[in-house]
Amino acid sequence: MTIPTKKQAMNTTNPEEGFGTISVAAILAESARRSPDSIALIVGADETSYGELWRSTLAYAGALRARGIGPGDAVAVLIPNVPDFARVYYAILSLGAIVVPVHALLKAREIEYVLQDSGARMLICAAALLKEGAAGAAATGVEVLTVMAPDDGLPRLEAEAAAAEPIRSYVPCRPSDTATILYTSGTTGKPKGALGTHFALVEQTSVLLTSVMDFKQGDVLFGGLPLFHTFGQTVVLNAGLRAGATIVMMPRFSGEGALELMTRHNVNIFVGVPTMYVALLEAAKTGAALPTALRYGISGGASLPLAVMDKFRDVFGIDIHEGYGLTETSPVAAFNHVGTPPRPGTIGVPIWGVDIEIARAETVESIELLPAGELGELVIRGHLLMKGYLNRPEATAEAIVDGWFRTGDLGTKDEDGYLRIVDRKKDMIIRNGYNVYPREVEEILLTHPQVVSAAVYGIPHDVHGQEIAAAIVLDAGSTATEAELIEFASAQLAAYKYPRVVRLLTELPLGPSGKILKRNLATESAGVQ
């Protein structure tokens, strides 16, 4: 029996699939053809038109082709939010090759793992990230090409692109061909590579633009979400460029800097994670000028606290539309659709062509759907699902059961189809045999007038099994104490729910995509106890 290579396993040709072709690279190609002079990307004082972006992408692809990159080859990308991310991303895809985005905060050992696990043939790395990127590549023997580097002898993609013959157009791919390998955050065990297909990624933009989000040519989107992450990559880069919008990129996010960019460039759609909205609210307290062109905000990546949503409406005068998705779902699966007033506290309804139901969380070998209103695990099926996890058939079989993807998130679905997330199944705290959902406790803590942000998590306890702990960031100049905050929560929560351990921090630890790293807090708290 012949074992298929990793490359063959990711992109295969099956005559029974028919002869239709598709490519994520068409997103940029078609917008460049339609509006070549429109501005696609802004970074600092630099503006890049659609036509210029596509021409340089074809040249980059020509240089990569000259190095032997072709259909099915995995190429890792370690580049921040600058135009070169888009050029490299679409250049790889236009060759029928596979993009492996690498988180910009990873260290050499972690980069080595991604390169080795994905079978990447090459790492394209921004000069500023070469210290860790080159070390990780050296450990696996993967060749490195740089971008944004001085002409100091290192292999530079820009120089090779200038000397290479550009490709004429993108390579057509089968709908089921792998376009991206996106690594999950790896909260348990090693990160897994989710295989995203050309069909799922293109169809995601089709649905977002036709029935979910009101992006159109002439809009100006805020591009502060990291593009190596599925949220920024799909909702900002792919959907934004397909709409013909302008993306104002921000390589390193800060609330103050974001307000300045939004005001200067008349940003009218802000796309971010909850911690970004908190940062904008804090920056607004300094008296900085507020953007006046904003139409609405989009939030995802984590649950948006109701208190933050209300404060944002009061300060900025716009609604935030919250959605939900995962790396494995391309990512948007549910959304409070723009054009319909958002229902605070919900993640909206499933997007077009996607089913989301509530299944019994305890039944793992099959999907047992529950009636409306009952609490269980969100399960998803539809055009948005990944092909599976690279080289992990067991993990794929655990995640996708009876055609449904098990999200690991607990929630409910009401009679109108609106979904609510209670918490991650893994984040749920069990104290004295009672289930405690951290989000409920966080929502209460965030109603305290001096609390800016809060993260609730469980820590081991000899008597109760787990104890409830909270890490809290207070407003500047606040005088609230740990004891006062515990008393505040205990007055509004059942005795088994309120935190007995409170830590006051200057900031919460955040991952590369802006999510709060609760596992870090739990480890630190356990050491303090």
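**Figure 1. An aromatic cluster in the predicted model.** F222, F253, F270, Y277, F312 and F316 come together here as one aromatic cluster. Keep in mind while you look around that this is a predicted model. The protein chain has a mean pLDDT of 92, and 95% of its residues reach 70 or more. One stretch to treat separately is residues 1–5, where pLDDT stays under 50 and the model has 0 contacts beyond four places in sequence.

**Figure 2. Aromatic rings along helix α4.** The structure holds 8 aromatic pairs. In the pair F85 and Y89, the ring centres are 5.8 Å apart and the planes meet at 20 degrees, so this pair is stacked. Both residues belong to helix α4 (residues 83–94), where they are 4 residues apart, about one turn of the helix. F85 is buried, with 0% relative accessibility, and Y89 is buried too, at 1%. Y89 also pairs with Y90, this time edge-to-face, with 5.0 Å from centre to centre and 85 degrees between the planes. Like Y89, Y90 is buried.

**Figure 3. Two charges over tyrosine rings.** Here are two places to look for a charged side chain above a ring. K190 lies over the face of Y113, at 5.0 Å from the ring centre.

Figure 4. Among the 25 salt bridges of the structure is the one between D219 and K216, with an N to O distance of 3.8 Å. How exposed are the two partners? D219 is buried at 2% relative accessibility, whereas K216 is partly exposed at 40%.

**Figure 5. A salt bridge between two loops.** K285 and D475 form a salt bridge, with their closest N and O atoms 2.7 Å apart. K285 is in the loop between α11 (274–284) and β12 (296–299), and D475 is in the loop between β24 (465–474) and α15 (482–490), so the pair ties together parts that are 190 residues apart in sequence.

Figure 6. D319 and R313 form a salt bridge in which the closest N and O atoms are 3.0 Å apart. Both ends are partly exposed: D319 at 28% relative accessibility and R313 at 31%.

Figure 7. C125 is buried, with a relative accessible area of 0%, and C173 is buried at 4%. The disulfide count for the model comes to 0.

Terms used. Residues are numbered from 1 along each chain as its sequence is written. This is a predicted model: local features need pLDDT of at least 70, side-chain atom pairs count only at pLDDT 80 or more; totals for chains, interfaces and linings use all residues. Side-chain values use heavy atoms; hydrogens and water are left out. pLDDT is the predictor's confidence in each residue, from 0 to 100. Contact means heavy atoms within 4.5 Å. Rings of Phe, Tyr and Trp (its six-membered ring) pair if their centres lie within 6.5 Å; planes under 30 degrees apart count as stacked, over 60 as edge-to-face and the rest as tilted. Buried means under 20% relative accessible area, exposed over 50%, partly exposed in between (1.4 Å probe, protein chains only). A charge sits over a ring if NZ of Lys or CZ of Arg is within 6 Å of the ring centre and within 35 degrees of the ring normal. A disulfide is a pair of cysteine sulfur atoms within 2.5 Å. A salt bridge is a side-chain nitrogen of Lys or Arg within 4 Å of a carboxyl oxygen of Asp or Glu.
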